[in-house]
Amino acid sequence: MRIRDLGVIDDAVVELAPGFTAVTGETGAGKTMVVTSLGLLLGGRADPGLVRNGSERAVVEGRLQLPPGSPVAARAVEAGAELDDGALLISRTVSAEGRSRAHVGGRSVPVGLLAELGEDLVAVHGQTDQQRLLRPARQRGALDRYAGESVAEPLTRYREVYRRLREVSSTLEELTTRARERAQEADLLRFGLDEVAAAEPVAGEDEGLSAEAERLGHADALSSAATLAHAALAGDPADPEALDAGTLLAQSRRALDAVRHHDERLAALADRLNEVGYLLADVAGDLAGYADDLDADPVRLAAVEDRRAVLSQLLRKYGGPENSLAEVIAWAEAGSARLSELDGDDERIDELGARETALRGELAELAAEVSAARQAAAGRFAAAVSAELAELAMPHARVTFAISQVDDLSGIEIEGRTVAYGPHGVDEVEVLLAPHPGAQPRPIAKGASGGELSRVMLAVEVVFAGADPVPTYLFDEVDAGVGGKAAVEIGRRLAKLAESAQVVVVTHLPQVAAFADRHLVVEKTNDGTVTRSGVKVLTDEERVRELSRMLAGLEDSELGRAHAEELLAAARAPRHR
């Protein structure tokens, strides 16, 4: 990793290696910045307070060597990243204003992708991680991870049934609590549908009735106008002497017909007069027929107006934006479908109730299967952790799991008890520790001292390494509160863990650092910063001086150097459990 302008670090390169790497240094020298830097590369929260005073941004860059076929490599390539001879280059930039950017394989990516990749790359453990592991929910998750498929497979089926049960129960609750509202809605729909059905409207009917009402309302005026017009065109039988358009037109035609053979132009006009005569005769006939057919019928007019009033009421209540009968008919069709749905709710409630009962039974069976798998795994897990604690100078400590259920009358029935349930099953899981014979098992938060808690967490991680391994483990002073023989055993177990994974440990204990395959020291310059040369890989001689400083506070103390050499020799001896 290369770290620039992060905390006290000006510009430094951290050269990690396979196996066990220890990072040491004076208090305040910036050891924790190594952990912080890795956390940023893995998508951790970007705190602008981490940016070094006077700098615009902090930058952390890392090079990850990935094995062939790594799912991390596949996910990175899927996001557009490019690999460099099997290595993945990642970087994280944090500005003093709080903005954060991430790059993977030369491609800008969301910070969430770094966190996604980090889950499969590095397991980070520090004092805050210990606190998280003290929570029962985290302990249940740890047990489930250890159990593997024996819990994961039934738990997956359980969660699917749990999801379906939640959906059914939610729908059932909505239907039953809204019963009164649904009944009122159904009554209103029935009234409206009956009103429309009684009227039997036809699309466009209102427009035809409007025209008919207009005609019937002015029947006398229309008849008089048609009669007068007919008389003007064809003559009035009551006044034979009156001139009419037909007589005058006939006179015009006779005058032209007498001389039309002398001029073609005049002949054409005569022909047009003939056409006018035919048209005039047709209009006169239609006017006569119209006048005969027109009947001023007050009864029919009243019926039309009544029908229009009925349709107008329907339009006002059920018409849409266009205020048309077609919209009234569409409302009735939709209302009928909705009424069928509401009328069927009682049957649906019965059906959903039966489904809910069946799903609760199925959920109870799966919950019992998950609980049984957890119980079996808990015994194995506890035995393995207890064995590890024996190697960590806690030979009489015993770890057990308390797996219990909470009674809840609204829960599901398992083995004659009605217990609470949730998305993770019905189990409350808590890790208990009895640190010595005769001690009552207590939750590890209460039953373990700081040093014991560190060893319990390390034992848990060593057990996990065999069940759910990751390529890299990072421990940030998880040896706090530990000393003497226990510290030596912690170093030995970290070295054992490093046989199957890369282990990076930030430590203040020389007993732990002595077991490292590579020893890095963080040193500040006189101005209080860490520069490129401030994070260095120690030679064997330099390791003796650093361990002596950690032991006695004096790099060149003869007694301290002798003790440091003894520690290194013991750590390099064949490692046995």
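Q: Helices here are DSSP runs (H or I) of at least four residues, numbered from the N terminus. In this predicted model, which helix holds Asp346?
A: The model is predicted. A helix is named by its place in the count from the N terminus. The run in question covers residues 345-391, and Asp346 is found in it. The helix is α14.

Q: Is Asp346 buried or exposed?
A: Exposed means over 50% relative accessible area. Asp346 has a relative accessible area of 53%, so Asp346 is exposed.

Q: Which residues gather with Asp346 in a patch of negative charge?
A: Asp and Glu count as negative. The patch lies on the surface, and Asp346 is one of its residues.

Q: How many salt bridges are counted?
A: The rule asks for a side-chain nitrogen of Lys or Arg within 4 Å of a carboxyl oxygen of Asp or Glu. Some of these contacts join into networks, including one that links Asp5, Asp10 and Arg52. By the rule the count is 29.

Q: Why are Arg157 and Glu153 separated by about one helical turn?
A: Their side chains meet in a salt bridge, 2.8 Å from N to O. Both residues sit in helix α6, residues 149-177. The separation is about one turn because, along that helix, they are four residues apart.

Q: How accessible are Arg157 and Glu153?
A: Partly exposed covers the range between buried, under 20%, and exposed, over 50%. Arg157 is partly exposed at 34%. Glu153 is partly exposed too, at 36%.

Q: How many residues apart in sequence are the parts tied together by Lys317 and Glu195?
A: Lys317 forms a salt bridge with Glu195, with the closest N and O atoms 3.1 Å apart. Lys317 lies in helix α12 (residues 298-318), while Glu195 lies in helix α7 (residues 179-199). The pair therefore ties together parts whose distance in sequence, in residues, is 122.

Q: Which residue of the Lys317 and Glu195 pair counts as buried?
A: Buried means under 20% relative accessible area. Lys317 is at 40%, so Lys317 counts as partly exposed. Glu195 is at 17%. The buried residue is Glu195.

Q: What is the N to O distance between Lys536 and Glu542?
A: Lys536 is partly exposed at 29% relative accessibility. Glu542 is partly exposed at 25%. Their side chains meet in a salt bridge with an N to O distance of 3.2 Å.

Q: Which strands are the edges of the three-stranded open sheet?
A: The open sheet has the order β9-β12-β13, with antiparallel pairing. An edge strand pairs on one side only. The edge strands are β9 (398-404) and β13 (442-443).

Q: How many bridges join β12 to β13?
A: Strands β9 and β12 (residues 428-434) pair in the antiparallel sense over seven bridges. On β13, Pro443 stands opposite Leu432. β12 and β13 also run antiparallel, and their bridges number two.

Q: Which residue in β12 stands opposite Arg398?
A: Arg398 lies in strand β9 and is partly exposed at 45% relative accessibility. Val399 has Leu433 as its bridge partner in β12. The residue opposite Arg398 is Ala434.

Q: What is the C-alpha to C-alpha distance between Arg398 and Leu433?
A: Leu433 is in β12, a strand in which five of seven residues are buried. Arg398 and Leu433 are 35 residues apart in sequence. In space, their C-alpha atoms are apart by 5.8 Å.

Terms used. Residues are numbered from 1 along each chain as its sequence is written. This is a predicted model: local features need pLDDT of at least 70, side-chain atom pairs count only at pLDDT 80 or more; totals for chains, interfaces and linings use all residues. Side-chain values use heavy atoms; hydrogens and water are left out. Patches are made of residues with over 30% relative accessible area and no salt bridge: like charges are joined within 9 Å, nonpolar side chains (Val, Leu, Ile, Met, Phe, Trp, Tyr) within 5 Å. Accessible areas come from the Shrake-Rupley method with a 1.4 Å probe; for residues, only the protein chains shown count as cover. The place of a charge is taken as NZ of Lys, CZ of Arg, CG of Asp or CD of Glu. Buried means under 20% relative accessible area, exposed over 50%, partly exposed in between (1.4 Å probe, protein chains only). Two strands pair if DSSP finds at least two bridges between them.
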